[in-house]
Amino acid sequence: MPFDIKICGLKTDEALAAALAGGASHVGFIFFVKSPRNIKTAEAGRLRKAAIGKAKAVAVTVDADDATLDAIVEAMSPDMLQLHGNETPERVAYVKTRYGLPVMKVFSVRDADDLEPIALYRGVADRFLLDAKPPAGSELPGGNGVPFDWRLLAGLDAGVDYMLSGGLNAANIGEALLLANPPGIDVSSGVESAPGVKDTALIESFFRAVRAAQARSAA
Ligand SMILES: O=C(O)c1ccccc1N[C@@H]1O[C@H](COP(=O)(O)O)[C@@H](O)[C@H]1O
């Protein structure tokens, strides 16, 4: 199975180019007005063209209604929809059918119990993204730069296809890969110099750290 790397919260040509140059399999665009990474649909539509044939463009939404999703899909033709809110299995199934696109459903994790609802979405969502629970007081359901205990994932059913996210960065990705051995990873604030400001040098060093960790585990 290929190992996927998603760089999320992209807003500029430079950051997108750095993600693609590093070998990102997925590039994410945030549609959540409270986020410092929020992007207008037309701008995402312009940016995502550079990813065609190179990486999958993921539209990240939070409990979005049909009209909002219609506008996003129309403007940027995403390859995948990331549902980062409290969407029910029924809502995930409806969104998949309405747009004919794969859906990645997000779960916020703090304890082992937080992994149990995944069972309700298996066979419905195409993939899962396991992120940390937002810290108290945060207005963001994701993009908070906080990790969770990756050891919780050791007991996850091997058939669950997921991306690991939450507070990943060049300094900790080696340990995360060692402990969780995820099929994919997703990073946003760990490659930023300030909230919402992607740093091409940090993106490059993140990819270097991932490749170094992979080389160590293959040796
Ligand atoms: O990044 C955001 O601002 C955001 C807003 C709303 C929903 C999801 C969001 N981000 C997602 O969270 C992960 C983890 O972020 P981080 O690496 O901990 O900063 C990010 O990759 C997005 O998928």
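The UniProt annotation "transmembrane region", from an unreviewed entry, covers residues 15–33. Such annotations may be inferred rather than shown by experiment. This is a predicted model: local features need pLDDT of at least 70, side-chain atom pairs count only at pLDDT 80 or more, and totals for chains, interfaces and linings use all residues. Residues are numbered from 1 along each chain as its sequence is written.

**The annotated stretch**
- Residues 15–33 are 42% helix and 32% strand. Helices are DSSP runs of H or I, at least four residues, and strands are runs of E, at least two.
- The end C-alpha atoms of this stretch are 20 Å apart.

**Overall fold**
- The protein chain has seven helices and 10 strands.
- Buried residues (20 or more other C-beta atoms within 10 Å of their own, C-beta atoms being placed from the backbone) make up 42% of the chain.

**Nonpolar core**
- The largest nonpolar core holds 61 residues. Such a core joins buried Ala, Val, Leu, Ile, Met, Phe, Trp, Tyr and Cys residues through C-beta atoms within 7 Å.
- Ile7, Ala19, Val27, Phe29 and Phe31 touch the most other members.

**Ligand shell**
- There are 26 residues around the ligand, with C-beta atoms, placed from the backbone, within 6 Å of it.
- Cys8, Ser35, Gly142, Gly143 and Ser189 come nearest.
- β2 (26–31) and β8 (184–187) each supply at least two shell residues.

How values were computed
A residue is buried if 20 or more other C-beta atoms lie within 10 Å of its own, exposed if 12 or fewer, and partly exposed in between; C-beta atoms are placed from the backbone.
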